[in-house]
Amino acid sequence: MLQRLGPFMRRPAGQLAPVVRGLSSGSVSIKVPLNFWAGKRRASHEKCIKENVYEPATGKILCHLEPCDAVDVDQAVKAAKLAFGHWSKMSGMERARIMIKAAHIIESRREEIAQMEVIDNGKSITEARLDVDSARLCIEYYAGLANTLAGNSMVFKPSPLTPVTAVMLAEIYAEAGAPESLFSVVQGGQETGSLLCHHPDVAKVSFTGSVPTGRKIMEMASKGVKPVTLELGGKSPLLIFQDSDLENAVRGALMANFLSQGQVCSNGTRVFVHENILPQFLEEVVKRTQRIEIGDPLLDNTRMGALVSQPHLDKVLSFVDQAKKEGATVLCGGEPFVPTDPKLRGGYYMTPCVLGECKDEMTCVREEIFGPVMSVLSFETEEEVLQRANDTTMGLAAGVFTRDVKRAHRVVENLKAGSCFINNYNITPVEVPFGGFKMSGIGRENGQVTIEYYSQLKTVFVEMGDVDSLF
Ligand SMILES: NC(=O)c1ccc[n+]([C@@H]2O[C@H](COP(=O)([O-])OP(=O)(O)OC[C@H]3O[C@@H](n4cnc5c(N)ncnc54)[C@H](O)[C@@H]3O)[C@@H](O)[C@H]2O)c1
Ligand SMILES: O=CCc1c[nH]cn1
């Protein structure tokens, strides 16, 4: 395991707590470059100002980001264009073989990748392992479809807050035998992103992020008349009817709000509960929220790690303050959390929050918080709750809990959202398309339909006879 982690330097021992299956929080300091194209990791070509990147669990500096400038982006895109030439001429079988090999490498390095994702992102190791499995399954699924299709190359810019693991994926594709630069990584923030959108050799822009940034991306892509896929934010409703199995509804509400410290686009953060079961629901949901184990994300029993950055934590806490000012009741959580372990004291933790007595017009109900904050609202009738659930500019996901199967189908038919869950929440298998209605996005990821969003259709007429001319 440690040999594989060669490029990552460990901090001197001494202040470290026991190592958890390889890495421990606060023990990693990355010195190697984080850009990757033409077969290797690369520093940016200019000695630019390096930006600190912090480990969410500890607040310690994890690495330095060297944003790619126009020269770097141009090199990466040109290399990707060459790779496209090779890759698209390979047979589907050859491409599938390379993808399956990449999937096997991911499987064999599952724990190492998951641990590095935790260090990079702050989420719990339990979730990170599932994320690595999802990545592998995704590659396996599309390898199955590759046999009959054209292939693309990609230049990927990760969030500047979490730059580390995307480079590992680039190395894995290279090891699996993919043409050089088939999958490249350029680091940076909005300037680098904007360079990619404007580059004339970039044929398609796929963006995952917030609605305001998505709007800018679409605007930039429009200059080159480039197609876009936009996977944007949400403010999804979860409807819990009186006839629900209450135990499962409570579990669903927790899964809809607290995965990845609430930093999940599809989260069902507006929880509408029928007025007759509201007291029981709140008692149970608050009890279980208070039991969520917060702390070192690399420990197996942790269920909630750290938020991605200090500014983001501050923003989420300010949403809770605003909710209080607007009349919501904090039923639990919503406070900064300082773990007892001294090495975690600088980390970005908060207690998961349930807000009661929420009203439709409150900021916490209207705006995406992207943190562990559940807003609970009461309703009386199906018609009323459907109208309120759809009263949003976004439409990524929605959920309904009821034992009445006819009601379940009637409700999801009327919910304006790309993914609807009946008696569960946040289930996203790779075979099933994922994407938003309204301002939550354009296009779909996952499933067979996604291929259409990354392909050009070419129509070719071949005349075998004479041209029937009118002239
Ligand atoms: N629909 C989905 O599948 C999905 C998945 C995950 C996250 N999200 C959404 O993402 C948001 C949270 O992510 P975030 O905080 O990283 O979002 P963000 O919009 O702040 O940033 C996303 C990315 O855009 C880049 N960027 C920012 N400004 C840019 C510009 N002007 N030009 C080019 N690039 C620019 C950033 O560097 C970053 O890599 C939430 O709204 C969440 O719902 C959506
Ligand atoms: O934050 C986004 C979550 C998600 C689930 N499936 C695809 N994206």
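The mean positions of the 51 positive and 56 negative charges of the chain lie 4 Å apart; here Lys and Arg count as positive and Asp and Glu as negative, with His and the chain ends not counted, and the place of a charge is taken as NZ of Lys, CZ of Arg, CG of Asp or CD of Glu. The structure is a predicted model, in which local features need pLDDT of at least 70 and side-chain atom pairs count only at pLDDT 80 or more, while totals for chains, interfaces and linings use all residues. Residues are numbered from 1 along each chain as its sequence is written, chains are lettered from A and ligands numbered from 1 in the order in which they are written, and side-chain values use heavy atoms, with hydrogens and water left out.

Turning to the overall fold, the secondary structure of the chain comprises 14 helices and 20 strands, where helices (H or I, at least four residues) and strands (E, at least two) are DSSP runs numbered from the N terminus. The chain has a radius of gyration of 24 Å, close to the 23 Å that the globule rule gives for 471 residues, so it is as compact as a globular protein of that length. For this comparison, the radius is taken over C-alpha atoms, and the rule is 2.2 Å times the number of residues to the power 0.38. Along the principal axes, the C-alpha atoms fill a box of roughly 75 × 75 × 35 Å. The chain exposes about 22300 Å², of which carbon and sulfur atoms supply 56%; accessible areas come from the Shrake-Rupley method with a 1.4 Å probe, and for residues only the protein chains shown count as cover. Among contacts (heavy atoms within 4.5 Å) with a separation of 6 or more, 69% join residues 24 or more positions apart.

The interior comes next. In soluble globular proteins, nonpolar side chains tend to be buried together. A nonpolar core is defined as a set of buried Ala, Val, Leu, Ile, Met, Phe, Trp, Tyr and Cys residues joined through side-chain atoms within 4.5 Å. The largest such core in this model has 47 residues, and those with the most contacts inside it are Val28, Ile30, Leu62, Cys63, Met99, Met116 and Ile119. At least two residues of this core come from each of strands E2 (28–30), E6 (61–65) and E8 (183–185), and likewise from each of helices H1 (70–87), H2 (92–108), H3 (110–121), H4 (125–146) and H5 (165–176). Helix H4 gives the most to this core, with nine residues. Apart from this core lies another, of 32 residues, among them Tyr348, Cys364, Leu377 and Val400. Returning to Cys63, its contacts, not counting residues up to four places away in sequence, are Ile30, Leu34, Glu51, Asn52, Val53, Pro163 and Val164.

Arginine 136, in helix H4, is buried with a relative accessible area of 14%. Leaving aside neighbours within four places in sequence, arginine 136 is in contact with Ala103, Ile106 and Glu107. Glutamate 112, placed in helix H3, has a relative accessible area of 3% and is buried. The C-alpha atoms of glutamate 112 and serine 24 are 12 Å apart in space, although the two are 88 residues apart in sequence.

Serine 181 has a positive phi of about 70°. Serine 181 lies in the loop between H5 and E8 and is buried, with a relative accessible area of 4%. Lysine 438 has a positive phi near 50°; lysine 438 belongs to strand E19 (residues 437–438) and, at 37% relative accessibility, counts as partly exposed.

Two further sites can be followed on the model. Aspartate 243 sits in the loop between strand E11 (237–240) and helix H8 (246–255) and is partly exposed, with a relative accessible area of 24%. Beyond neighbours within four places in sequence, aspartate 243 is in contact with Thr402, Arg403, Asp404 and Arg407. The C-alpha atoms of aspartate 243 and serine 469, 226 residues apart along the chain, are separated by 71 Å. Threonine 329, in strand E13 (residues 329–332), is partly exposed at 27% relative accessible area. Again leaving aside neighbours within four places in sequence, threonine 329 is in contact with Val354, Leu355, Gly356 and Glu357.

Terms used:
Buried means under 20% relative accessible area, exposed over 50%, partly exposed in between (1.4 Å probe, protein chains only).
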